[in-house]
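Student: Hi, I'm new to this one. Could you walk me through it once it's on the screen?
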Amino acid sequence: MHYLHTTIFTADLDKTRAFWDVLDMRTVRELVVPKINARAAFLSGSHDEESGRSERFAPTIALVERSAEAGPVGISHICFRVDDIYATCQGLLDKGHTLKMPPRDGFRAMVRGPEGAVVEFHQAGERKVPQEPWLSMADGV
């Protein structure tokens, strides 16, 4: 498993980015997501800039600006890249955990820790072909 990013929701991307600049975190990527009316900046430490600019923005802090109506601000989740998203999720189920979001797309899944922390997983390399039981599995809490 490889650490990818931690997502932090913010109401003011520029103000929040200025705080992280003081901590020597540098913007390595930016994007606008019109579908959810959001802006994002991916930040890496000065010694991690090269890897932060690489495949799937890793390792970074993802600052995501969104409206107050979209939900609360603060840390949203931590994300890891895994070799086999289906095996990872099956292992979690086998140990009694509920998937917050099953890997219906063969690429991305989420689980909630015992105290509410959300952990996201991304499939390494190409996304897997969507298949059962994941395709029809409902989101958990």
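Tutor: Happy to! Keep in mind that this is a predicted model.

Student: What box do the C-alpha atoms fill?
Tutor: Roughly 45 × 35 × 30 Å, taken along the principal axes.

Student: Let's look at strands. Which way do β6 and β7 run, parallel or antiparallel?
Tutor: Antiparallel: β6 (residues 99-101) and β7 (residues 108-112) are joined by two bridges. Met101 has Met110 in β7 as its bridge partner. Six residues lie between the strands of this hairpin, and Gly106 takes a positive phi near 75° there.

Student: And how many bridges pair β7 with β8?
Tutor: Five, again in the antiparallel sense, with β8 covering residues 118-123. Val111 is partnered with Val119 in β8. This hairpin has five residues between its strands, and Gly116 in the turn shows a positive phi of about 105°.

Student: Switching topic, how many positive and negative side chains are there?
Tutor: There are 17 positive and 20 negative ones, and the centres of the two sets lie 3 Å apart.

Student: What about the accessible surface?
Tutor: That comes to about 8200 Å², with 56% belonging to carbon and sulfur atoms.

Notes:
Residues numbered from 1 in each chain as written. Predicted model: local features only at pLDDT ≥ 70, side-chain atom pairs only at ≥ 80, totals over all residues. Heavy atoms only, no water. Areas by Shrake-Rupley, 256 points an atom, 1.4 Å probe, with all protein chains shown as cover. Lys, Arg positive; Asp, Glu negative; His and termini not counted. Charge placed at Lys NZ, Arg CZ, Asp CG, Glu CD. Pairing = 2+ DSSP bridges. Helix = DSSP H or I, 4+ residues; strand = E, 2+ residues; numbered from the N terminus.
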